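Subject: Structure handover

Hi,

Here is the structure I promised to pass on to you. My notes on it follow below; have a look at the model first and then read on.

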Amino acid sequence: MLNLGIIIPQLTKYGGAERLLIECVARWQDQHRITLYATDFNEPLLAEHGIAPGVVRSKLSPHFHGEHATLLNATLLPKLWQQEIGEHDVYHMHLWPTHLLDLHPSVWYPHEPLRAMHDLRYNEPIDESGVRPVRTLHVYPKPEYDSVSDSLHEASLDAIAGFDQLGRPDRIVANSKYTAAYLGEVYGRKVSDVVYPGVCPDDFMSPLQDSSTRFPDSDFHPGFHCDWAFRENIFLTIGQLWPHKRTGLAIEAIKLVENCQLYVVGSGPELPRLRRMAENLGVADRVFFLENLTNFELRILFARCQAVVFVPVREPFGIVALETMAAGKPLIGADEGGYAEVVDKSCAFLVPPRPDLIADRMRLLLNDQGLGQRMGLAARRKAKRFTWDRTARELIAIIEDTHRTWNRARASSRATKRRGRTLVGVQYYCWYGEGSGSRHWNDTPEYGAVTDMPLAGCYGSSKGVAIEQHLQALDAAGVDFALLNVHVNDQGIDEYEWTACRNVFSVADKTKSKLNLAVHLCPYNCQKEQMAKAIALVRKQARASSRYLRVRGQPLLGLFWTGEMDGHRQWLRFLRDSSEDFTVVACSLRRYEKQTEEGRTFGLFDGWSLFSPLDLGPEGEWERIWRAAYRQSGAGRQDLRIITVSPGYDDSHLQSPAREKNRFRTVDHRGGATYRRMWDFALAAAPAPDLVIISTFNEYHENTHIEASLNHGSLFMDMTADFARKGKKAWTKR
Amino acid sequence: MDKKIGWLPATCPPWIGASRDHLDLTERTAQDLVLKIPAAAWEESLFLVADVYAAANHVHPEGHVGWWKFDLDDSGTVKLKVAKDRHGIRVLRTRAGKAPSCWINPDAPAISRQPVLALHLVLRNARTQAIVFDEALLTYTDPAALATGLEQRAAFASQLKASGGAAAVPRYCWPRETQVHLVTTNFAAHDAIGKMIMGTSRLFAGSNVPCAIYARVFDPVLRGVVRPLSALPEAVGKDDLILFNFSTFDPYMEMIAALPCRKMLYFHNITPPQFIRAYDAEGALNCARGLEQLPLARKFDVVAANSNFSAAVLRDALANGEPVAPKDPADVPANQPSIVEAGRVGKACSSASRVAAGNSSPVLVFPPMTGLQAWRDLPEEPMELPSHGTILLYVGRMAPHKKIEDLLGLLDACAHLDKDSCLLVVGARTFPAYWGYIQQLLDTTYKHLRPNFLWIEHATEGQLKTIYRRSSAFVTMSEHEGFCVPLVEAMHFGKPVFAYAHPAVCETLGDSGRVFHAKDFKMIASNILAVMRDDALRERVLTAQNARLGEIISKIDGHGLWGAAERALFRDAHTT
């Protein structure tokens, strides 16, 4: 079962794109956990089509309106939505511009690119009065035009075109081969997945006229025979009334054919113009415009008509064609677009979009009822190949495959490729404000006092310049990863630290750092709700970033473990359930006790590291303690072996009474000797460790930092570079 | 002094006034026909097409003799000659001039020998070619057919004058010069509006008040007794009374409303278009446009409706002056009196039925004249009907809003409880597609009910009397009514009524009959059979229905109509 997040701009009508999604979700909902995201939902519509309440509905920010609406909806809105969308195993997006959501793994079913920018760019209606310099733009599924002043029109489209190319969905699925080629042209990537929309043949009733057109071996109702008959010369055209649907061609064609009527089903901005056109052509008494019909009414119309006329400009697919086939009626269509792939001359007339040619085919059908019957029968048989069951099956297969492929790729990502090779990492703190006296730079004597400071000065953890310097230094030292420390308290995740943390990811991407990153959560007095939200944020980050450190195929989540919560079964179970898709590593203040651990942490952890091995015992016993700890460090479910090294320790300047319980508040750095002793132990460790964690890069309160500082210069960074290099050689041999 | 108005408003749509009611080519080889096309029609350039086809087969081209196209000049008059020779029928212009363009069927000689032909006169817009007016005159080529046609017309005329069934009319003083013009858009003798018009005609004829019927669409056989609407402006005088029966869009309503005589509008209600749009978009459009015309009621001296439900629709339109949305039955006040005597209407409806804007007259409410008394002397005619079992009867058009499919659902439930139950539907298929849908249901979903379902499209009055007598109960699932005359007929024939609780139906039934608010077929079926099997229970239902029928009969004797007519004629003397 996948946790599937599905995003579509609106889910309020049973139009082409929405219909496909509704039909698919109705078929997927029992197999997968689904959350639907849209700006608006039509609950009765969803209920009518069997979408159960168990499918979660989550509302997204509404579309912008006004002069710059198109631009804002194309650029800003997807970014807002991205923040509002939760964590899912895989994302499935419909319509434009949902591909701009940077969520992964993702499958985008665009239905069509933004045609107003491409093949319809010069087809949008222009105010014909010649006095109002306003242009119109249409972005499906908005039911009305956006207006843009003439002077901004081209600039807006160009700006949108630039953004349009930034989307990077993992897979694109087209609704026809025609659309696949079109998308390939627009986005410069090959689109090889094609899933045709479907139809429910059982939803259509047998033709409601002329017993001679009865289907002799009808599959509508087997054995069906009747002796009643009447004939109606009705042609039907269905679609939203936009200029590119070319409904006017059908009206012009009707003008050329006597004794028949045209039913125009649909609504849209073209309606007044089309009504005017019917009046002017003198066919207003036989062209009828119908809006907001129920599905039942549509079925009646399909059953009544002689044929369906559908001649839009290069329609990406055109479900109307399938519906026509399912209704057992001939199609008079344009010889272009996606639906041309699913019909042939046995069931459709595909003609150049000209009224006279459409009229010719209308007359042909009116004069030869047998022809209509034969075409309808062929259409009906053909339609059975294009069911919604098939659409749903093919599309979910692609989604599932995308998820599998993504996971495989992640599992074999850089960290995993180094399986068997020891990775060196640092504890990295994101909590510093900018400048002395700001947060954690001597802001309180109890917890915030520092006795050393970085060579670069009291930097702010969120600042890109400082982050860039840190990443360069860590890359230069051969460090493989950083555990970004973020605190969680009763207010939830520390937003400042979290912002700084995300900035580290972004700057690392921007500077192409080699470093992998992972989050190390430090919970303090927080409740389950706050912790669950924090873990969800980490999960989202892990999914979004290709540099998130993965260990044993899963993203690594560090958890600071004081031991206070040992034995709290509910809390530990909650943590285990909330983090089941992570490799969870404890950074603990206590040693792992193999005999009793199950009853203390209940299998929460996949790996165990000591946050501060220097304060576990007196200096003379360090190696013995470290050896004992290392022997048992194959903790948890993943049998990870982790060694922590530290340059020294000194928190004696902190006035917090809580600190007074520590027997080893000062562990002398000894000019690097302490750090060397720890590294020597790590280099000699057998078997080779999976991870060596330096505690810390920049924890100045306890003086465990190795960052270049006023007191130590670059001593510890240099030593780190040296030992990391030696270690990777030594550990590789083992 | 000529008291006739002879005037048309500038916005009046074009029409043709023909000098003859029919053409007689039985003895002669040619007959002249003068067509007058009112000046108002010349706003846009028009041309005339005379299309001749067999009355029994209008299918093109096999039933058509041919068509002739004539340009119009500014005189407003076109003089034609319809001639017959061995080549068949021809239509010619009497004055010399440019020969008309025409098409003549090679089979014209044979088709022209048909006993009755139709001369279809069509006005088209020269720019758009759109049809702006059309009507047909019958052309007889066979003496026997002509005699039959004339007999039919005479029989119909006699029905209008029959005094035996005329209601007891109060002794009002009627102005000697004042004629009554009964106007409707579509006239059919056997539908509710037709019956109302015929009853009204008899009522006035019984009091020696001159009365004529006008319609836009009617059986051309009746032409002469029923007059085309085009004859109205020429015929109506300033002291006359027009009684306009309003039930659908009428392109000439604005013209009628503008005529400077006394005018009364009787609203039969209009079917909300969404009920029928999928089956007949043209009909739905007419309904929608009819509802949009409701505010024109302001221009009538008296406005009346067939029920409080209909009156509420009318009042809303008058209050808003906007196109009228179909009325939600739930909006109708439940405590409205079902039948309001016209003489008391000022008090009974004073708070609710005042015309809101521009006219302080109330909307009067009185039931349509149903012609119940005519049943009494009518002989029953034999009908083949099921000899046993419960016969559920529905009388009415086979129209979407009548929900025949729900009657089938009910029949299905009844047949589960009593396999001999059957449903008898008597009514015309006014919507072929809907009829087709019902037939399809009977061929598929309800295939097993075919033996239990009987549909009679056309029944004579005598046959209908037999049907009413022989049926067990009357059922209706209709979701829109104005009054529902068949309910009253069912009560008259002593049949228990089971009806879906549409407000107009509830209003007509009063506290009698059995109404249900949900279409739970099983429950309704149980209820019907329980009533049918329990004599005491059925007797209680019928007693209540009889009491209700008595109330209705007291209101349909013409009092309401006379009161309304009096109010229209002497509006200024009334100070309610």
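A polar contact here is a pair of N or O atoms within 3.5 Å; within protein, one must be able to donate a hydrogen and the other to accept it, and residues adjacent in sequence count only if both atoms are side-chain atoms. Between chain A and chain B, ten residue pairs are in polar contact, both residues being at pLDDT 80 or more.

Some housekeeping before the rest. This is a predicted model, in which local features need pLDDT of at least 70 and side-chain atom pairs count only at pLDDT 80 or more, while totals for chains, interfaces and linings use all residues. Residues are numbered from 1 along each chain as its sequence is written, chains are lettered from A and ligands numbered from 1 in the order in which they are written, and side-chain values use heavy atoms, with hydrogens and water left out.

**Where the chains meet**

Contact (heavy atoms within 4.5 Å) links 34 residues of chain A with 26 residues of chain B. The buried area, meaning the accessible area (1.4 Å probe) that two parts lose on being put together, summed over both, is about 2100 Å² between the two chains, and carbon and sulfur atoms give 56% of that.

One salt bridge (a side-chain nitrogen of Lys or Arg within 4 Å of a carboxyl oxygen of Asp or Glu) is counted between chain A and chain B. Arg277(B) and Glu297(A) form a salt bridge, with their closest N and O atoms 2.9 Å apart.

Which elements give two or more residues to the side of chain A that touches chain B? They are strand S11 (261–265), helix H7 (271–280), strand S12 (287–290) and helix H8 (295–304) of chain A. H8(A) gives the most, with five residues. Helices (H or I, at least four residues) and strands (E, at least two) are DSSP runs, numbered from the N terminus.

**The sheet in chain A**

Six strands of chain A form an open sheet with parallel pairing, in the order S12-S11-S10-S13-S14-S15; two strands pair if DSSP finds at least two bridges between them. Its edge strands are S12 and strand S15 (348–351) of chain A. The twist averages 20° from one strand to the next; axes are lines fitted to C-alpha atoms, for helices over the stretch in contact, and angles run from 0 to 180 degrees between N-to-C directions. Strand S14 (residues 331–334) of chain A is joined to S15(A) by four bridges, and Ala334(A) has Val351(A) as its bridge partner there.

Helix H6 (residues 247–255) of chain A packs on this sheet, and its direction makes about 165° with that of S11(A). Helix H9 (residues 319–326) of chain A also packs on the sheet, touching S10, S13 and S14 of chain A.

**The strands of chain B**

Chain B has an open sheet of six strands with parallel pairing, ordered S20-S19-S18-S21-S22-S23. Strand S20 (453–456) and strand S23 (514–516) of chain B are the edges. Tyr500(B) stands opposite Phe516(B) in S23(B). Helix H15 (residues 521–533) of chain B packs on the sheet, touching S18, S21, S22 and S23 of chain B.

Elsewhere in chain B, nine bridges join strand S9 (residues 116–125) to S10(B), and these two run antiparallel. Their hairpin has five residues between the strands, and Gln129(B) takes a positive phi near 70° in that hairpin.

Best wishes
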